[in-house]
Amino acid sequence: MRILVTGGTGYIGSHTVLTLLEAGHEVVVVDNLANSSEEALIRVGELAGRQAAFVEADITDEAALDAVFAAHSPEAVIHFAGLKAVGESAGIPLEYYYNNVAGTISLLRSMERHGVRTIVFSSSATVYGEHNPSPYVEKMEIGAMNPYGRTKEQIEDILSDLGASDPRWRIALLRYFNPVGAHPSGRIGEDPQGIPNNLVPFIAQVAVGRREKLMVFGGDYETPDGTCLRDFIHVVDLAEGHAAALRYLEEHAGVHRWNLGSGRGTSVLEMLHAFEAAVGAPIPYEITARRAGDLPAFWADPSSALADLGWSTTKTVAQMCQDHWRWQKNNPLGYQSS
Ligand code: NAD
Ligand code: WQD
């Protein structure tokens, strides 16, 4: 298949492009490099033994997208491009709604013009909001709690309306839980700009000596060890979930929603200790105040993805930490290390 991957130089996108190339697909990536480096795609090409095409463009630029559809004739789109920092989204909501929601509308309009009606979209477990009990099931009412999450919810609504308007659309809404880890080669991985917002990138930067200690946000939750529980998923498992969703869409039209998670909760301290085991050294940390907006615990019911896609996670928390650490140790400054 010929596949357009928006946001394909980013963390999850680069791992998915590698999976697609390895499966024999032709890939063209569109990314504005707002939060990524072209070096990621160069390394993906080295690992795959062949390159994806790359176009530096913004998804809000419909003329640029039209040119990509005309030049590369993709048959399907995997849509990762978006801004993703929850805290930042509360400070600059218009940027988030414009980039994520208007950018997706621009992409969908361009797809329609070129008769491409198959799309896999990066949604998030954050759409389940604060009222649903875990494990989260796809049929639950959603209700995100911050502007970032609401961009995902709004895009899900737009895609659902589009699917209802025209039976030719084939749409997968993939709700990711907490992606971590890196390709086992240690050549590609997550490369956050500035201070990492997320747990595992922060732990990794402490382990490599870029930061002094991990701040554990809250030790008094009603959980077994007092720290929050999350459903961590290895990014390579996640990448394979996209390939599985595309295969499903080849056979099935309509709008489909799947959780991509492991179905297991792991606490912040368990994750820290698993990372210490991977590093073979203690990692300094301090328990501090809770972070506003954090939920105590949530995890996926991933049984629909198993039933429909034949997909489930295969990699353990230990592998997530070993692979994440190999990437961080070999690239202490991320892609700038090269
Ligand atoms: P990332 O920032 O590494 O990748 C996103 C990519 O999109 C970046 O390369 C960025 O440069 C690009 N981009 C952003 N706006 C763009 C625009 N207007 N035009 C073109 N390119 C643009 O993030 P990621 O972790 O790989 O996430 C990929 C997708 O998955 C995002 O949509 C994110 O919201 C979603 N998601 C991520 C997580 C997570 O924890 N990482 C969880 C759930 C959902
Ligand atoms: C995990 C746990 C923190 C950093 C976020 C988004 C979500 C999705 C995935 C995109 C929490 C604790 C963290 C630190 C800490 N992204 N923590 N010290 O908040 O579950 O999900 O990323 O869709 O929308 O909200 O992930 O990695 O930020 O936090 O103690 O320095 O680690 O409090 O309990 P989160 P996270």
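Please keep in mind throughout that the model is predicted.

Let me begin with the sheet. Seven strands form an open sheet with parallel pairing. The order across the sheet is β3-β2-β1-β4-β5-β6-β11. At the edges are β3, residues 53-56, and β11, residues 254-260, and each of these pairs on one side only. From one strand to the next, the twist averages 20°.

β5 and β6, the latter covering residues 170-176, are joined in the parallel sense by seven bridges. Within this pairing, Thr 118 has Arg 170 in β6 as its bridge partner.

Two helices lie across this sheet. Helix α3, residues 62-72, lies across β1, β2, β3 and β4, and runs at about 170° to β2. Helix α8, residues 235-251, lies across β1, β4, β5, β6 and β11. Its direction is at about 155° to β6.

I turn now to ligand 1. Which residues come nearest to this ligand? There are 27 residues around ligand 1, and the nearest are Asp 31, Asn 35, Ser 36, Lys 84 and Tyr 148. Several polar contacts can be pointed out in the model. A backbone N or O atom of Ala 34 is 3.0 Å from an oxygen atom of ligand 1. For Phe 80, a polar backbone atom lies 2.8 Å from an oxygen atom of the ligand. Lys 84 takes part through its side chain, with a polar atom 2.8 Å from an oxygen atom of ligand 1. On its own, ligand 1 has 820 Å² of accessible area, and the protein covers 95% of it.

Ligand 2 has 18 residues around it, of which Ser 124, Tyr 148, Met 215, Arg 230 and Asp 294 come nearest. Where are the polar contacts of ligand 2? A polar side-chain atom of Asn 178 lies 3.0 Å from an oxygen atom of ligand 2. Met 215 contributes a backbone N or O atom, 2.7 Å from a nitrogen atom of the ligand. In the side chain of Asp 294, an N or O atom is 2.6 Å from an oxygen atom of ligand 2. Taken alone, this ligand exposes 680 Å², of which the protein buries 88%.

Around ligand 2, α7 (199-207) and β8 (214-217) each supply at least two residues of the shell. The largest share, four residues, comes from β8. The shell is made up of ten nonpolar, five polar and three charged residues.

Finally, two points on the backbone. Most residues other than glycine have a negative phi, and most peptide bonds are trans. Leu 33, in the loop between β2 and α2, has a positive phi near 60°. The peptide bond from Ser 134 to Pro 135 is cis, with omega near 0°, and Pro 135 is placed in the loop between β5 and α6.

Definitions and conventions. Residues are numbered from 1 along each chain as its sequence is written. Chains are lettered from A and ligands numbered from 1 in the order in which they are written. This is a predicted model: local features need pLDDT of at least 70, side-chain atom pairs count only at pLDDT 80 or more; totals for chains, interfaces and linings use all residues. Side-chain values use heavy atoms; hydrogens and water are left out. A residue is near a molecule or strand if one of its heavy atoms lies within 4 Å of it. A polar contact is a pair of N or O atoms within 3.5 Å; within protein, one must be able to donate a hydrogen and the other to accept it, and residues adjacent in sequence count only if both atoms are side-chain atoms. Accessible areas come from the Shrake-Rupley method with a 1.4 Å probe; for residues, only the protein chains shown count as cover. Two strands pair if DSSP finds at least two bridges between them. Axes are lines fitted to C-alpha atoms, for helices over the stretch in contact, and angles run from 0 to 180 degrees between N-to-C directions. Contact means heavy atoms within 4.5 Å. Ala, Val, Leu, Ile, Met, Phe, Trp, Tyr, Cys and Pro count as nonpolar, Asp, Glu, Lys and Arg as charged, and the others, Gly among them, as polar.
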